[in-house]
Amino acid sequence: MSEIAMQTESSRLCQFPVLATTIVLTFLGLLLSSGLQVLDPIVRHDDFPALLADPAGYYVKTLYEGRWINYFWHLRGVITPSWLNYLVYQFCWSAFAACLAVVALGDKGGPWHRIGLALLVALGPSATLMSYWYNTLIPGMVLVALYAWLSTWLSERATRWLLVVFVPLTLLAYTTYPLFLLALCLARAETRRSFRDLAGVMALFIGSFALGMLLIFTFNYFEHGVFGVPMAPWREGNPAHDLASALENFTRIWGFLKASAEVQGFGSVPLSLVHVLLLVVSILVVGRRDPWRAAYICCGILAGLGLILVQTVKTGIFLPVRVNSFAWAGYVVLLTLMILQLGEKGGLYKRMGTNLLRFFVLAYMAGSVQQALGFTTWQQQTRAMAAEVGSGDTPVYVTGTFKSLPGAKEAGIQAARGLRLRLTYLNGRTVFTCEERPEKCADLPDVMLADIPSGQVEVHHLADKVVVRLSSQIADADG
């Protein structure tokens with residue numbers, strides 16, 4: 001082994017304790033910020049099929065969204081508990097954030113800067129929103145974490161060429177996951193930066209992304225007979241067919257930016273504006289010393305935002321805020337680099353920079369805790385309901401509406417299946433709701449169909465069934 005190779009291997013071995021410590025502390029910070037979600041994490045919407053290993057409930061996503069990796073995960077045939085799935089997802093997300101911190105900072109800064117960067121990336125509000133689909137997104141996040149870990153050990157050249165493999169695979173899980181891989185490549189500290197090098201990375205990424213799209217189209221062609229990804233009916237899109245419709249769709253970008261400002265600041269638009277200001281300052285400060293360093297990271301942010309822009313203008317679909325997690329990650333890297341650079345002056349600059357990073361980490365930990373508390377009422381209500389229903393083989397019928405439960409609105413439960421599948425998971429019993437299947441409730445005794453006050457729950461054990469009576473009245477907003 002050559003002397004250079006031995007030095008490289010030695011530095012990587014020395015890096016392992018640093019990386020492992022950063023991952024573990026980031027993971028613990030995330031769990032601490034999750035509150036009681038660790039014990040009974042929220043499951044909502046179309047995340048239930050993944051929890052219950054129900055491929056039929058997710059199959060349509062292969063056609064309309066091309067998420068084949070996720071579909072294969074639904075075929076596993078083993079139901080793993082939601083808390084375990086949540087821990088796996090959050091650990092992988094912590095691993096990505098920690099690896100990004102180690103790769104981006106290199107030998108600069110101390111442990112707090114690495115951990116602070118990793119925690120602030122992991123605690124991003126859009127990433128928190130994404131984590132509520134943890135059952136579905138496990139396979140994609142495992143791939144992201146694996147690529148992130150490899151990027152801390154392999155050479156820059158090898159890491160970049162792995163984009164050809166990992167970008168298509170992660171694209172089969174979630175559209176913006178490949179942007180996390182690009183962020184790792186562009187934030188790398190020891191890169192020899194130049195226009196030619198940046199163009200090469202972007203060309204390789206775009207080619208890999210195109211390969212992923214071709215793979216999705218091919219799967220859809222052989223399985224569904226459609227070479228492409230048609231728009232799902234429930235998206236209520238407005239496909240651009242001329243300049244006027246494209247301009248109309250372009251105006252929807254403002255709605256996305258406004259929603260992003262509200263979410264990124266945990267409801268505080270002024271806080272989001274502070275982040276925009278800090279992003280501009282970070283670009284100027286970091287770019288003044290190393291223009292290419294700032295340009296590389298900005299290129300990753302702009303590439304992702306460009307993808308969102310094109311998708312919105314093309315389809316007219318209002319994309320969810322959770323898709324911009326990559327931009328938050330790039331911003332946090334620039335912010336930390338600025339803090340380190342200003343900290344070199346010592347004194348007040350160093351103290352202010354360090355305290356700013358600490359403030360944001362603590363503020364976003366508190367925001368995550370507050371957000372998690374919004375689910376506790378729903379979780380408690382449904383656990384108590386499931387305990388009263390108990391185990392058994394007889395079917396369960398739910399009358400009234402789930403909207404009569406005060407915790408439903410706060411937890412963002414959108415449909416009756418949220419309650420039905422929650423009870424199915426907790427009790428393992430067949431559950432019917434009269435909201436979804438009124439014909440199933442036609443034979444229930446009249447007394448069971450009588451209305452009760454909003455917010456109340458009655459459980460009746462009959463000879464051949466269990467009836468859960470809810471009110472037909474929607475709970476008050478402050479209920």
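A cavity is a set of points, on a 1 Å grid over the protein atoms alone, where a 1.4 Å probe fits but cannot get out, and a pocket is an open set with protein on both sides within 12 Å along at least five of seven lines. Lining residues have an atom within 4 Å of a point. Grid points are joined across faces, edges and corners, and a volume is the space filled by probe spheres set on the points.

The model is predicted: local features need pLDDT of at least 70 and side-chain atom pairs count only at pLDDT 80 or more, while totals for chains, interfaces and linings use all residues. Residues are numbered from 1 along each chain as its sequence is written, and side-chain values use heavy atoms, with hydrogens and water left out.

**View 1. The largest cavity and its lining.** Four cavities of 30 Å³ or more are found in a search of the whole structure. The largest cavity has a volume of about 130 Å³. It is lined by 15 residues, of which Ser-34, Tyr-86, Gln-90, Thr-128 and Ser-131 are the closest to its centre. At least two lining residues each come from helix 1 (3-34), helix 5 (82-105), helix 7 and helix 18 (347-373); helices (H or I, at least four residues) and strands (E, at least two) are DSSP runs, numbered from the N terminus. By class, the lining of the largest cavity has eight nonpolar, seven polar and no charged residues. Here Ala, Val, Leu, Ile, Met, Phe, Trp, Tyr, Cys and Pro count as nonpolar, Asp, Glu, Lys and Arg as charged, and the others, Gly among them, as polar.

**View 2. The second largest cavity.** This cavity holds about 110 Å³ of space. Of its 13 lining residues, Ala-183, Ile-297, Gly-300, Phe-326 and Gly-330 are the closest to its centre. Helix 11, helix 16 and helix 17 each supply at least two residues of the lining, and the largest share, five residues, is from helix 17. The lining of the second largest cavity comprises 11 nonpolar, two polar and no charged residues.

**View 3. The largest pocket.** Its volume is about 1,600 Å³. Glu-65, Arg-67, Thr-175, Arg-235 and Leu-319 are the closest to its centre among the 49 residues that line this pocket. Elements giving two or more residues to the lining include helix 3 (59-65), helix 7 (125-131), helix 12 (195-224) and helix 16 (291-315). Helix 16 provides the largest share of the lining, six residues. The classes are 30 nonpolar, 10 polar and nine charged.

**View 4. The second largest pocket.** The second largest pocket has a volume of about 550 Å³. Leu-257, Ser-260, Ala-261, Gln-264 and Val-276 lie nearest its centre, out of 19 lining residues. Helix 14 (252-264), helix 15 (269-289), helix 16 and helix 17 (325-343) each give at least two residues to this lining; the largest share, seven residues, belongs to helix 14. Thirteen of the lining residues are nonpolar, five polar and one charged.

**View 5. Helix 8 against helix 11.** Helix 8 (residues 134-151) and helix 11 (residues 177-187) pack with their axes 10 Å apart and at an angle of about 10 degrees. Helix 8 is therefore roughly parallel to helix 11, a term for angles under 35 degrees. Axes are lines fitted to C-alpha atoms, for helices over the stretch in contact, and angles run from 0 to 180 degrees between N-to-C directions. The contact has 10 nonpolar, two polar and no charged residues.

View 6. The open sheet has the strand order 2-1-4-3, with mixed pairing; two strands pair if DSSP finds at least two bridges between them. Strand 2 (431-433) and strand 3 are the edge strands, each pairing on one side only. From one strand to the next, the twist averages 20 degrees. Strand 1 (residues 396-398) pairs with strand 2 in the parallel sense over three bridges, and Val-398 stands opposite Thr-433 in strand 2. Helix 21 packs on the sheet and touches strand 1 and strand 2, its direction making about 160 degrees with that of strand 2.

**View 7. The hairpin of strand 3 and strand 4.** Strand 3 (residues 458-461) and strand 4 (residues 466-469) pair in the antiparallel sense over four bridges. Four residues lie between these two strands in the hairpin. Glu-458 stands opposite Arg-469 in strand 4. Helix 19 (residues 376-389) lies across strand 1, strand 3 and strand 4, at about 15 degrees to strand 3.

Note on methods
Angles under 35 degrees count as roughly parallel, over 145 as roughly antiparallel, 65 to 115 as roughly perpendicular and the rest as oblique. Contact means heavy atoms within 4.5 Å.
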